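Hi,

Here is the structure I promised to pass on. Have a look at it first, and then read my notes below.

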Amino acid sequence: MPTGSEGTFAAMDHQAGAKPSPLPGWTESVIGNPAPTAPVRGFAVSDNLLALRTWGGNHAGRAALVLADPPYNARNRKDYLDDVDHRAWLEAIGERIELCVPLLRPDGILAVHIDDSEHAYLQVLLDGILGRERRLNTVVVKMSELAGVKIRYSDRMLPRLKEYVLLYGRGPASRLRPVVRRKDGAALARYLRYYAQVLENPDAPVEEWSVIPLVEAMARRGLPPGRDAQREFRLAHPERLVYRTNNRWFDTLPESDRPSTRFARLRSPWDVEYVWWEGKQMLFLADHLDEPLGDLWTDISTINVQKEGAVPLRSSKKPEALVRRLLELCSQPGDLVVDPWAGSGTTAAVAHKTGRGWLSCERDPTIAARALDRLASVVAGTDPTGETAATGWAGGGGFRVWHPCVHHEETAPREG
Ligand SMILES: C[S@@+](CC[C@H](N)C(=O)[O-])C[C@H]1O[C@@H](n2cnc3c(N)ncnc32)[C@H](O)[C@@H]1O
């Protein structure tokens, strides 16, 4: 573990303390206290072609997720090569994705970040490797703000604000884990307005229920009037806030099947239970506060991302919140996540903070050294940024760092 007195990875000759690794052809050093068994955590400083081939030998079929963030071939990055011949780019990515697939479990998921530059070509490539029927979703993520350099070209073209995450399953059992989240400001406010009646005695038998207006319910409790107080009350008691709406099935019920009481529970022929409220259906605010995650993500902030992990990476660094969402969508704590294009180490950092195993690879030694510093401070519990607070991360564990032995480095890797 590098400390202040030992210097940082960026400053030290990292291979100095490295020992031959149990992986033939690699040297190994250890940061913190990696678990002797699963979940495996390790960072290879090499071309990913080499690392993926090695991992294929000992981690085949183990990964729940390969989260790939390759260079986009967008010709506008500066920290690493991102301007290669289109066909060479496709070939290099294809070769590497072919090596990623066998690392996945039969129900594993491949997620690939990309922008407009090569999106369409990449999708055709991935369809060919995994099969069109394995395409789960194409997520659109807002990745820029309408400011600065983006609007400088707005007289010629629309500022580009979005990127994509292409999600593929390895097999027919591959599934995304449903994510629900609290409705955001405007959508929530719209919903709250409708719920203006309060169920006063929810524990009584339904036939004896009593519903009164929200204003009256608050007055009874000695609460102040006003919008803010009403909003607070609604959110504090969503299981009591109710709304009356139409129900087509109720409308078809013959008179003889209609309840004679004001309120009643009714079970439909398709086995759904409804609450009858004088001919209409009762809805509860508690059932409508959350919404499922869709495939358009505009809620993840990209401001201050460069400060996360104290490691800058111009233009392509991903927000920890975005990576966490992808990890939660595609894996569980204890699962293995593979990150073949590590950059500043965002995926490994978030996988570590959320209790997942991870295998990362970065070719550029300077970028890798910074990522290793970031990950060392995640392990040490000294990284207060990104998802640290949201995950309650306080440090712990460790990981291995692998460098290829010289004869491997001599085999010049292709761009990718
Ligand atoms: C888009 S960036 C990854 C950014 C990363 N997700 C983050 O949040 O910081 C792509 C990274 O892949 C690295 N890279 C490019 N080709 C590579 C290869 N063949 N093997 C390993 N790393 C490679 C680049 O140096 C760059 O750091």
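In helix α1, the residues Asn48, Leu49, Leu52, Arg53 and Gly56 meet Glu95, Arg96, Leu99 and Cys100 in α2. Here, two residues are in contact if their C-beta atoms, placed from the backbone, lie within 7 Å. This contact has four nonpolar, two polar and three charged residues. For those classes, Ala, Val, Leu, Ile, Met, Phe, Trp, Tyr, Cys and Pro count as nonpolar, Asp, Glu, Lys and Arg as charged, and the others, Gly among them, as polar.

Two quick notes before you go on. This is a predicted model, where local features need pLDDT of at least 70, side-chain atom pairs count only at pLDDT 80 or more, and totals for chains, interfaces and linings use all residues. Residues are numbered from 1 along each chain as its sequence is written.

Helices (H or I, at least four residues) are DSSP runs, numbered from the N terminus, and so are strands (E, at least two). The axes of α1 (residues 48-58) and α2 come within 9 Å and cross at roughly 20 degrees. The axes are lines fitted to C-alpha atoms, for helices over the stretch in contact, and angles run from 0 to 180 degrees between N-to-C directions.

Now follow α2 (residues 86-100) to α3 (residues 119-130): their axes come within 11 Å and cross at roughly 35 degrees. Leu90, Ile93, Gly94, Ile97 and Glu98 of α2 touch Tyr121, Leu122, Leu125, Leu126 and Ile129 of α3. That contact splits into eight nonpolar, one polar and one charged residue.

Further along, α10 (residues 346-353) and α11 (residues 365-380) have axes that come within 9 Å and cross at roughly 10 degrees. So α10 is roughly parallel to α11. Ala348, Ala349, His352 and Lys353 of α10 make the contact with Arg374, Leu375 and Val378 of α11.

And which residues come nearest to the ligand? Of the 21 around it, they are Trp341, Gly343, Ser344, Thr346 and Arg363, where "around" needs a C-beta atom, placed from the backbone, within 6 Å. The shell has eight nonpolar, six polar and seven charged residues.

Cheers

Notes: Parallel < 35°, antiparallel > 145°, perpendicular 65-115°, else oblique.
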